[in-house]
Amino acid sequence: MTKLPLASFLAVLACLTPGCHAAAAPDPLAPTGRWSANTRGQAATPPMGWNSWNAFGAAVDETKLMASARLLVDSGLAAKGYRYVDIDDGWWLKRRMPDGRMLVRTANFPSATTADGGTSLRPLTDRLHAMGLKAGIYSDIGRNTCSQVFGGADAPNLPEGTQAERETGLYGHVEQDIALYFREWNFDLIKVDGCGIRGLGPDNPRVKAGLYRPLGPVIDFDDLPRTDIAEVRRLYGAVADALARTRPAGDYVLSLCLWGSADVRSWGKDIGNMSRTSEDISPTWARLLHNLDTTARRALYAHPGSWNDPDMLFIGKGEFDAAHMVEARSHLALWAMLNAPLLIGMDLRQATSDQIALLGWAQAIALNQDRAGNQAVLAYDSAEVQIYVKTLADGTKAVALLNRSAAPTHATLTAEHAKLTGTIATTDLWTGKTGSFTGETTVPLGPHETVLLKLVGRHRLANGLYLSEMPGSVNPAIDGVVQPQPDPLVHRGLLPWNDTRGTGEHPRYGGWGGAAVDTGPYGQQLQADHEKLDTGIGILAGSRMEVRNAGHARFTARVGVDDAAWGNSGAVTFLVYGDGRLLAQSAPLHAGHALVPLAADVHDVHLIELIARPENASVAPDPVVWGEAALLN
Ligand code: GLA
């Protein structure tokens, strides 16, 4: 197991200072003039479809899959955007020796039997494509897969044969498997799980018993410092490169499944089209809140082409079944607002007409698929009520008012939450009821209810947008986090079968300290020299953000070191670049200094870069404020 390469990181950081002349070390904060978050693959809006896992676990077969695929089409859900039909764990039989070709379990997928005695999923994908659908497949970045590592002895459809034949994951077979799945079998999406590099260290009982070869663990889920983050990134990067080579037209989706481990928060957006932020969802309200919380403060890490994934929908089961339609509606409304991929996880043969109607909720889908790609921002937060605000491409706002609790309550929505002013017209996107308010309005909320509103009004910023209204166009390319930390803000969602046994499930998502919208990187209100701000981007010193500019003329902000600073970074200089050219820069600013205005002409600039350059390298850099950062007409 490898520790973080801290020494080398500090050596590079030391070269951020003006006195450094070491020729060898590249300046990690140098402007690049290019957008670096992933744009490969096909996910300009969040992928939508159906996946077998929540419905069937590994007991997936062709009959079940095709029944739900047929119902997607017949119910009209496919026409509303649910196009991907994804096979999760359980489709394989073995890896054939000696050529290493993957074989399908034809007992469950009879159409995969070929005349030459081999197997092929091409007939299945051909059928899905002929129905206007797309096809997704599942693998693992290690040698072995999740049900092999974590499934019980009675787990269905485990790979069979010798130890080598049971190695069905991508490890050592990336080129071969990607070519098979995407060129020969013509799949459109792959979900790449990470169990094979997480759970099969030399101490694992299954490894000791000779069932599997040891590997790593490269990921230590309980111990972020003992995870080899660079190696995990390298392995997934190799898959992304193989996909780009195999499908040069870019018609594919790469789904990363690392559950928020390995600091995937900071790099998943550069490699994948969607990236899991938490462990598996289960059909309980507590778990929904947990998964929601791992994504809720990460709006700056989601963009067209790379989405946060709080896991698949569980509408249709447990606390989201037909007797819990309020919870089911909250589930869809929140996932829509967070730009989560919308992947149905139920056997559609069992769906009621109300469930089909909910899944087809056109107004919620429209929010999710809005082309601006702005994940909703958390505008108000408490254990009981949360208010999320999403800015749409046409400048209107969508608001979700969530009652997390099991008792009735109310939420007071203010114009400031939505960064609007004057008289604001409202439409309830579920009931269709319209109204209006000035200043604020109070909305009653039933237990676990989410009210979804569309707001139309004058923008608080009359002639432009705050960056916090356009997180889909802001990429924290380097967010300043030197030592990734588990995220203490993650709600402690207990796995239902554990009840209150043990010490509980502690927050682990490695997202603490990253760039944040309208708060500091550690969740505090933005503040410099005792002046509090309600809008801006909070990030650490030693950071570089990329901002896409679609026609605005001026960038303005008020910048400074946040009052929460320890002074570790020394003076911080704020620089604004446009397409690689220096446009504006502040004096070096120390903690305690008042915010300083910074402005730049960006009328012919496509990519703006915002750099906060510290005087001193530190493993605990100071938070800085890009206060009221905005693009103006
Ligand atoms: C992991 C993933 C799930 C599912 C299972 C399959 O737990 O997080 O989404 O794919 O593996 O075994």
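**Close-up views of the ligand site**

**View 1. The second largest pocket and its lining.** The second largest pocket is lined by 35 residues, with Trp53, Phe150, Glu279, Asp280 and Trp497 lying nearest its centre (on a 1 Å grid over the protein atoms alone, a pocket is an open set of points with protein on both sides within 12 Å along at least five of seven lines, where a 1.4 Å probe fits, and lining residues have an atom within 4 Å of a point). The model is predicted, so that local features need pLDDT of at least 70 and side-chain atom pairs count only at pLDDT 80 or more, whereas totals for chains, interfaces and linings use all residues. Residues are numbered from 1 along each chain as its sequence is written, and side-chain values use heavy atoms, with hydrogens and water left out. The volume of this second largest pocket is about 830 Å³, and its lining comprises 15 nonpolar, seven polar and 13 charged residues.

**View 2. The shell around the ligand.**

View 3. Oxygen atoms of the ligand lie 2.7 Å from a side-chain N or O atom of aspartate 89, 3.2 Å from one of arginine 276 and 2.5 Å from one of aspartate 280 (polar contacts are pairs of N or O atoms within 3.5 Å).

Methods: A polar contact is a pair of N or O atoms within 3.5 Å; within protein, one must be able to donate a hydrogen and the other to accept it, and residues adjacent in sequence count only if both atoms are side-chain atoms. Grid points are joined across faces, edges and corners, and a volume is the space filled by probe spheres set on the points. Ala, Val, Leu, Ile, Met, Phe, Trp, Tyr, Cys and Pro count as nonpolar, Asp, Glu, Lys and Arg as charged, and the others, Gly among them, as polar.
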